[in-house]
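Here are my notes for a first look at this one. Keep the model open while you read, and go through the points in order.

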Amino acid sequence: YVAWALIKLDGHLLFMEREDRLRDGVPHFVLPGGRLNIHDLRSNLEGLKTSEYLKIIQCRSSQEALDSLPQALIRELEEELGLVSSEYSIGEGFRLDPFLKLEGAGASHAYTCYEISLFPITLNFDGFSRLSRLGKTEVGEKTLEKPPLNWFTLDEAARAQKGNKRAFIEAWQE
């Protein structure tokens with residue numbers, strides 16, 4: 001289960017460089033967001049056993065998992081961009097069809113089903129200010145190592161290409 005943020009400013013969509021950017025043949029830029037984890041489920045569904053949370057995550061098209069994706073997105077936006085929930089609002093999610101992909105190398109392969117939801121994000125002034133300052137260091141301010149951000153035009157995003165930068169939008173296109 002994956003929650004991605006659609007952040008559009010001035011006709012450009014925000015993409016981030018992946019953590020695993022050294023993998024050959026894999027597009028290095030993705031939308032902000034990430035995978036649902038057990039902590040996200042616990043935030044939304046209290047009182048279950050760990051085994052019950054694992055069953056939810058491993059079940060295809062689980063409504064409990066889908067309902068917990070906004071919690072995953074809130075966590076991921078704070079981890080990746082430093083945005084706190086008071087700096088934006090999350091719009092209604094758009095669920096993509098399940099994306100099936102064979103991944104791996106050598107003798108290690110996995111057939112993975114990605115359940116992806118896209119959420120429009122509306123920044124308020126504080127959120128806009130935070131994004132505009134990312135990558136800039138202020139005196140006395142603690143800096144976190146952040147992946148490089150890239151703003152793709154809508155045409156570049158549709159082509160999944162900006163110069164030599166490739167964006168992962170396969171699941172979106174399919």
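1. Start with I57, which sits in helix 2 (helices are DSSP runs of H or I with at least four residues, strands are runs of E with at least two, and both are numbered from the N terminus). I57 is partly exposed, at a relative accessible area of 26%; here buried means under 20%, exposed over 50% and partly exposed in between, with a 1.4 Å probe and protein chains only. If you skip the neighbours within four places in sequence, I57 is in contact with Y1, L36, N37, I38 and L41, where contact means heavy atoms within 4.5 Å. The C-alpha atoms of I57 and L41 are separated by 8.6 Å, and these two residues are 16 apart along the chain.

2. A word on what you're looking at. This is a predicted model, with residues numbered from 1 along each chain as its sequence is written. Local features need pLDDT of at least 70 and side-chain atom pairs count only at pLDDT 80 or more, while totals for chains, interfaces and linings use all residues, and side-chain values use heavy atoms, with hydrogens and water left out.

3. Now the overall picture. The protein chain has six helices and 13 strands. Of its 174 residues, 37% count as buried. Among contacts between residues at least 6 apart in sequence, 67% join residues at least 24 apart. The accessible surface of the chain comes to about 10,400 Å², and 50% of that belongs to carbon and sulfur atoms (areas are from the Shrake-Rupley method with a 1.4 Å probe; for residues, only the protein chains shown count as cover).

4. Which residues touch the most other members of the largest nonpolar core? They are I7, L77, L81 and I121, out of 24 residues in that core. A nonpolar core here is a set of buried Ala, Val, Leu, Ile, Met, Phe, Trp, Tyr and Cys residues joined through side-chain atoms within 4.5 Å. Elements that each supply at least two residues include strand 1 (2-6), strand 3 (12-17), helix 1 (38-44), helix 2 (50-58), helix 3 (63-81) and strand 10 (116-123). Helix 3 gives the most, with seven residues. There is also a second, separate core of 19 residues, which includes L31, L96, Y114 and F152. As background, nonpolar side chains tend to be buried together in soluble globular proteins.

5. Next, helix 4 (residues 125-133), where G127, S129 and L131 are buried. Their cover includes strand 3, helix 3, strand 10 and strand 11 (149-153). At the start of helix 4, a side-chain oxygen of N124 comes to within 3.0 Å of the backbone nitrogen of D126.

6. The aromatic rings deserve a stop. The count comes to five aromatic pairs, taking rings of Phe, Tyr and Trp (its six-membered ring) with centres within 6.5 Å; planes under 30 degrees apart count as stacked, over 60 as edge-to-face and the rest as tilted. One of them is W4 with F168, an edge-to-face pair at 6.0 Å centre to centre and 75° between the planes. W4 lies in strand 1 and F168 in the loop between strand 13 (165-166) and helix 6 (170-173), so the pair ties together parts that are 164 residues apart in sequence. W4 and F168 are both buried.

7. Another pair is F99 with Y114: the ring centres are 6.3 Å apart and the planes are at 35°, so this pair is tilted. F99 is in strand 8 (residues 99-105) and Y114 in strand 9 (residues 108-114), 15 residues apart. Both are buried. W4, F99, Y114 and F168 form one aromatic cluster.

8. Have a look at V26 too, in the loop between strand 3 and strand 4 (29-30). V26 is buried, with a relative accessible area of 17%. Beyond its neighbours within four places in sequence, V26 is in contact with R18 and R166. The C-alpha atoms of V26 and A167 are separated by 8.9 Å, although these residues are 141 apart along the chain.

9. Finally, two backbone spots to check. Most residues other than glycine have a negative phi. D10, in the loop between strand 2 (8-9) and strand 3, has a positive phi near 50°, and D10 is exposed, with a relative accessible area of 76%. S61, in the loop between helix 2 and helix 3, has a positive phi of about 55°. S61 is partly exposed, at 34% relative accessible area.

Notes
A polar contact is a pair of N or O atoms within 3.5 Å; within protein, one must be able to donate a hydrogen and the other to accept it, and residues adjacent in sequence count only if both atoms are side-chain atoms.
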